[in-house]
Amino acid sequence: MGLGASLCGMPAGYGHDVGGFAGPHPDPEMLVRWVQQGIFWPRFCVHSWNTDDIITELWMFPDMLPIIRSSLQFRYRMIPYLYTLYVHYVYYRSQPLIRPLLYDHQHDVNTYEQQFEFMLGPSLLVAPVYQPGENSRRLYLPSNSAWYHYQTGKYYKTTEDAGQWIEVPAELKDEAAPIFVKEGSLICFGKAMMNVHESPDDDRRVQIFPERFDGMATADREYTRKTLVLYEDDGDTLYHETGNAYAEIHVWMEESETEIHVGLEIVKDGYFPYYNTVWVTCPIASETRKLIFEVPDEESNLVEKQPSRKLPRFVDDKDNCVYFGLKLRNNINMPK
């Protein structure tokens, strides 16, 4: 229903009542599975009128609360990505945010039958678990595409002529339904908070998922810059429209057979975000190419190519990824 609504031009803030609106209340497993996929929709809401007079609430099953709490934290960390996708695709281009696989893969007629997976923008494929008692998920990846399974980092590549059926783990304890990130994509995360105004929104972390070459000759590949566009405004007013008070920040990636180059560009500096550094990592453990950052010099504005060892860094205790800091300089006069 949600995919059909998206294609029909329904409001891009569409989402379902997590746990169901009418009928009996969900059992513990169903509620968790609903939450694990509901966190990707623009509207995430628990709202019910159950015939058994039991109100559906996220804390109604104490044994499941730790899992649901981790899902909510993942949701909050994804809010900056949802917001920037909304602005980039819905606001500027009138494209659906949640979309069926056929929207971006019309070349593969098998995607026309996929009703239980969906895309979040053009880069994320979400495969919800919709049968009870399952701890894995079987799904179809479209032809002429390549993906990273987010939870394990495993790489999948289909041929130009045929897609691929795969099966991945999908435990009930996971914080999210199985996610696949399209090769060559960048995604961003923010802070996990109790609400979006609990504290300053001062953390941006970008994860890169580079294109692989797999022995194909360089001459056979077309190198393109992949860009993640971040839009930032005050989150409270319409001054981003009436006063052009917003920032547009481009984080980009270019890959070769031996190196991955990452850079940052300030395209619009009408708003000063709470953060002054964009932290970047490649979460793929099997990736061995050298990571090179192209950083503008503060005095000359010339771009310097710096290996990651020269940049500020920290290790995320949650996923053990090493993040490297790109300072927002030049156009945005950030506080020290």
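This is a predicted model: local features need pLDDT of at least 70, side-chain atom pairs count only at pLDDT 80 or more; totals for chains, interfaces and linings use all residues.

Trainee: Which feature does UniProt place at residues 1-85?

Mentor: The unreviewed UniProt entry has "domain: Glycoside hydrolase family 31 TIM barrel" at residues 1-85. Over that stretch the model has 45% helix and 0% strand, with 21 Å between the end C-alpha atoms.

Trainee: What domains does the domain assignment give?

Mentor: The assignment gives domain 1, covering 1-182, and domain 2, covering 185-327. Their C-alpha centres lie 25 Å apart, and 24 residues of domain 1 are in contact with 27 residues of domain 2.

Trainee: Why does the largest pocket lie between domain 1 and domain 2?

Mentor: Domain 1 and domain 2 both give residues to the lining of the largest pocket, so the pocket lies between them. That lining has 38 residues, and those nearest the centre of the pocket are Ile 79, Tyr 83, Asp 233, Asp 234 and Gly 235.

Trainee: Which elements each supply at least two residues of that lining?

Mentor: They are helix 3, strand 11 (226-232) and helix 5 (239-242), and helix 3 gives the largest share, with nine residues. If you sort the lining of the largest pocket by class, you find 21 nonpolar, eight polar and nine charged residues.

Trainee: How many cavities of 30 Å³ or more are there?

Mentor: The count comes to two cavities of 30 Å³ or more. The largest cavity holds about 40 Å³ of space, and its lining is made up of Phe 40, Phe 74, Met 78, Leu 124, Tyr 150, Ile 179, Ile 187 and Phe 189. Helix 3 (65-91) and strand 9 (185-189) are the elements that give two or more residues to this lining. By class, the lining of the largest cavity has eight nonpolar residues, no polar ones and no charged ones.

Trainee: Which residues line the second largest cavity?

Mentor: Around the second largest cavity you will find His 16, Val 18, Trp 34, Gln 37, Gly 38, Trp 41 and Arg 43, and the space in it is about 30 Å³. Its lining divides into three nonpolar, three polar and one charged residues.

Trainee: What is the mean pLDDT of the protein?

Mentor: The mean pLDDT is 89, and 91% of the residues reach 70 or more. Over residues 332-336, however, the pLDDT is below 50, and in the model this stretch has 13 contacts beyond near neighbours in sequence.

Methods:
Residues are numbered from 1 along each chain as its sequence is written. Side-chain values use heavy atoms; hydrogens and water are left out. pLDDT is the predictor's confidence in each residue, from 0 to 100. Contact means heavy atoms within 4.5 Å. On a 1 Å grid over the protein atoms alone, a cavity is a set of points where a 1.4 Å probe fits but cannot get out, and a pocket is an open set with protein on both sides within 12 Å along at least five of seven lines; lining residues have an atom within 4 Å of a point. Grid points are joined across faces, edges and corners, and a volume is the space filled by probe spheres set on the points. Helices (H or I, at least four residues) and strands (E, at least two) are DSSP runs, numbered from the N terminus. Ala, Val, Leu, Ile, Met, Phe, Trp, Tyr, Cys and Pro count as nonpolar, Asp, Glu, Lys and Arg as charged, and the others, Gly among them, as polar. Domain bounds come from an automatic or database domain assignment. UniProt positions are given in the numbering used here, feature names are shortened, and annotations may be inferred rather than shown by experiment.
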